[in-house]
Amino acid sequence: MYFRILASIFLFFGLCPKPTVAQSQFNFSDSTRVSLLTCSQGNALYSTFGHSAVRVYDPLSGMDAVFNWGIFDFATPNFYWKFMRGKLLYQMGGERFTDFYAEYQYLRRGVVETPMNLPLEAKRKLIKTIETNYLPENRKYKYDFFFDNCATRIRDVVERALPIQYADTTRTIKPLRRLLDEYLGNLPWSDFGIDLVLGLPADQMGTFRYEMFLPDYLGKNLPHAQYQGKPITGPEKRLLPADPLPPSKAPKPIVLMSAIMLIWVGLGFLKNKSFVRILDRLFFVVIGLGGCLMLFLWFATDHLATKDNLNVIWANPLYFFALGSLRGKRQYWLWIIGGLCVFTLLFFPFSPQLLHPAIIPILLGVAVRCALLVKRF
């Protein structure tokens, strides 16, 4: 489950092909067209939030390439350790549009093209900025979950090239975590995992500009950008239709967690104390490991989104210290972890961090089990 949780976060916009467009192949002319490509969600976990890219097409030279900022190299030394710690460098890369189109057609994922309608001089600046960003010394960057990813990079390229202004920023803005929830309706366990490991940074209010960390919102919000009083984009065109995603057949996390906790508490009344003690140890170890993972993501990684995670109040390494309490020793550890669960329950409605409802049965289960263990001894 932990791998699925981590994959939900760190493979945020999906794996992209390695660069196939060489620097020497750039052949821009005044006829070159630039457009934003917005790709829909896919069935695979890594494609949950869609993808963004830029298409550059020059009818004179025949160049037709797609550039995106979501590439990383599996051959990187210590790849998985850097991946876990948020130190893996992402980079900009390119591929032929025909390859890009064929891939998304095969995956049955939708693609919408939004042309950039700019005066000639402004278009030259934008293309020059893209070309500069594609230089080997400029391609790599430190990925950030919300504020520096392959969607925000496109927004930043446009803003760096042109003095644009956003004309419509008055609509209701949601917290960043709520924006993610819009894509997780069919993935209840990914939603649960993401809510467990994301901390307070995910609960800050978004802004019209910050919303563009999501490809769909980049596609929605960029058309509100104006250059010299005119929109920078033209009417969008659907290149590929999107197949509807199948509904999830998995049980809801809150339902399964409730069933598991009821079984755990119920089995605690068995006369076979050895079996009950093994079961208690299993639950304490699992919750303790979950707390260790959260603390690791908070203190030992560069992932800003996993900092200040209030879930460590109830899921933490203290469960390992409480293992001795299962034999009647140091019962104060049972009071501590049970008390922290009760505190979290009472704190739940007022928490500045949106806590997932599926932790409620876990909190109740731990609190009741600790109370029963204290009473028994």
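Modeller: Let us begin with a definition: helices (H or I, at least four residues) and strands (E, at least two) are DSSP runs, numbered from the N terminus. The expected span of a helix is 1.5 Å times one less than its number of residues. The model is a predicted one, in which local features need pLDDT of at least 70 and side-chain atom pairs count only at pLDDT 80 or more, while totals for chains, interfaces and linings use all residues. Residues are numbered from 1 along each chain as its sequence is written, and side-chain values use heavy atoms, with hydrogens and water left out.

Colleague: How many residues does helix H13 have, and what distance does it reach?

Modeller: Helix H13 covers residues 359-376, which is 18 residues. From its first C-alpha to its last it reaches 26 Å, close to the 26 Å expected.

Colleague: Which residues of H13 are buried?

Modeller: Buried means under 20% relative accessible area, exposed means over 50%, and partly exposed lies in between (1.4 Å probe, protein chains only). The buried residues of H13 include Ile359, Ile362, Leu363, Val366, Arg369, Cys370 and Leu373.

Colleague: And which helices do the buried residues of H13 pack against?

Modeller: They pack against H7 (188-197), H9 (253-267), H10 (273-299), H11 (318-321) and H12 (332-347). Contact here means heavy atoms within 4.5 Å.

Colleague: New topic, the sheet. In what order do the strands come?

Modeller: Seven strands form an open sheet in the order E6-E4-E3-E2-E1-E5-E10, with antiparallel pairing. Strand E6 (140-142) and strand E10 (237-240) are at the edges with a single partner strand each, so one side of each has no neighbour in the sheet. From one strand to the next, the twist averages 30°. Two strands count as paired if DSSP finds at least two bridges between them.

Colleague: How many bridges join E3 to E4?

Modeller: Five bridges join strand E3 (residues 63-71) to strand E4 (residues 89-96). Alanine 65 stands opposite arginine 96 in E4.

Colleague: What about E5, then: which strands does it pair with?

Modeller: E5 pairs with E1 over five bridges, in the antiparallel sense, and three bridges join E5 to E10, again antiparallel. Leucine 37 stands opposite glutamate 113 in E5, and valine 112 stands opposite arginine 238 in E10. Strand E5 (residues 111-115) is mostly covered, as four of its five residues are buried.

Colleague: Which strands does H4 lie across?

Modeller: H4 lies across strand E1 (33-39), strand E2 (51-58), E3 and E4, and runs at about 65° to E1. For such angles, axes are lines fitted to C-alpha atoms, for helices over the stretch in contact, and the angles run from 0 to 180 degrees between N-to-C directions.

Colleague: Now the rings. How many aromatic pairs are there?

Modeller: The structure holds 25 aromatic pairs. Rings of Phe, Tyr and Trp (its six-membered ring) pair if their centres lie within 6.5 Å; planes under 30 degrees apart count as stacked, over 60 as edge-to-face and the rest as tilted. The rings of phenylalanine 72 and tyrosine 90 have centres 5.0 Å apart and planes at 75°, so this pair is edge-to-face. Phenylalanine 72 is in the loop between E3 and H2 and tyrosine 90 is in strand E4, so the pair ties together parts 18 residues apart in sequence. Both phenylalanine 72 and tyrosine 90 are buried.

Colleague: How are the rings of tryptophan 264 and phenylalanine 283 placed?

Modeller: Their centres are 4.3 Å apart and their planes at 10°, so the pair is stacked. It links tryptophan 264 in helix H9 with phenylalanine 283 in helix H10, 19 residues apart. Tryptophan 264 is buried, with a relative accessible area of 1%.

Colleague: Last one: where does the charged end of arginine 55 sit?

Modeller: It sits over the ring of tyrosine 57, 5.6 Å from the ring's centre. A charge sits over a ring if NZ of Lys or CZ of Arg is within 6 Å of the ring centre and within 35 degrees of the ring normal.
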